[in-house]
Amino acid sequence: MTKNQDNSPLLNGLLLKCPKCGIGSVFSKKTKVEKLCLNCKFPLEKHDIGDGAIYSSMFITAIFVTSFALITELKYSPPLWLHAILWIPMVFITSYFLLILFKSIFIAAQYKFNVDGYRKN
């Protein structure tokens with residue numbers, strides 16, 4: 001039995017660790033998934049999360065940024081250029097970090113629930 005076999009996909013995803021051993025990293029560079037876990041040699045490139053991580057990160061970012069932009073507008077009424085300076089970078093930053101997080105969570109969930117025989121190695 002591996003060290004991390006009973007951990008939840010959410011915990012593995014939040015820690016950005018290998019879904020099988022819980023030690024190796026899922027990512028080699030920024031959002032590029034490792035081909036193999038450096039610790040247990042589990043093939044991570046077989047994942048097929050599709051666009052789920054992208055849609056999830058965009059959806060949460062839209063709710064977050066729209067809510068705060070609306071609150072800012074109602075409370076302070078700043079000029080349009082200030083909204084652009086505040087919220088455009090926030091969209092990119094939030095989307096980027098949530099993309100990494102959701103990608104890792106979806107890979108861990110795919111392993112945990114054995115989607116398309118992902119565990120067979």
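**Fold and packing notes**

I began with the elements: the protein chain has 3 helices and 2 strands, taking helices as DSSP runs of H or I with at least four residues and strands as runs of E with at least two, numbered from the N terminus. Read from the N terminus, their order is α-β-β-α-α.

A note on the source: this is a predicted model, where local features need pLDDT of at least 70 and side-chain atom pairs count only at pLDDT 80 or more, while totals for chains, interfaces and linings use all residues. Residues are numbered from 1 along each chain as its sequence is written, and side-chain values use heavy atoms, with hydrogens and water left out.

Next I looked at overall shape. The C-alpha trace spans about 60 × 25 × 25 Å along its principal axes. I found a radius of gyration of 18 Å for the protein chain, whereas a compact globule of 121 residues would have one near 14 Å (taken over C-alpha atoms; the globule rule is 2.2 Å times the number of residues to the power 0.38).

I then checked burial: 36% of the 121 residues count as buried (under 20% relative accessible area, 1.4 Å probe, protein chains only).

Last, I turned to a helix pair. How do helix 2 and helix 3 cross? The axes of helix 2 (residues 52-76) and helix 3 (residues 80-112) come within 8 Å and cross at roughly 150° (lines fitted to C-alpha atoms over the stretch in contact, with angles from 0 to 180 degrees between N-to-C directions). The two helices are therefore roughly antiparallel (angles over 145 degrees).

Key
Parallel < 35°, antiparallel > 145°, perpendicular 65-115°, else oblique. Buried < 20%, exposed > 50% of the residue type's maximum accessible area, 1.4 Å probe, protein only.
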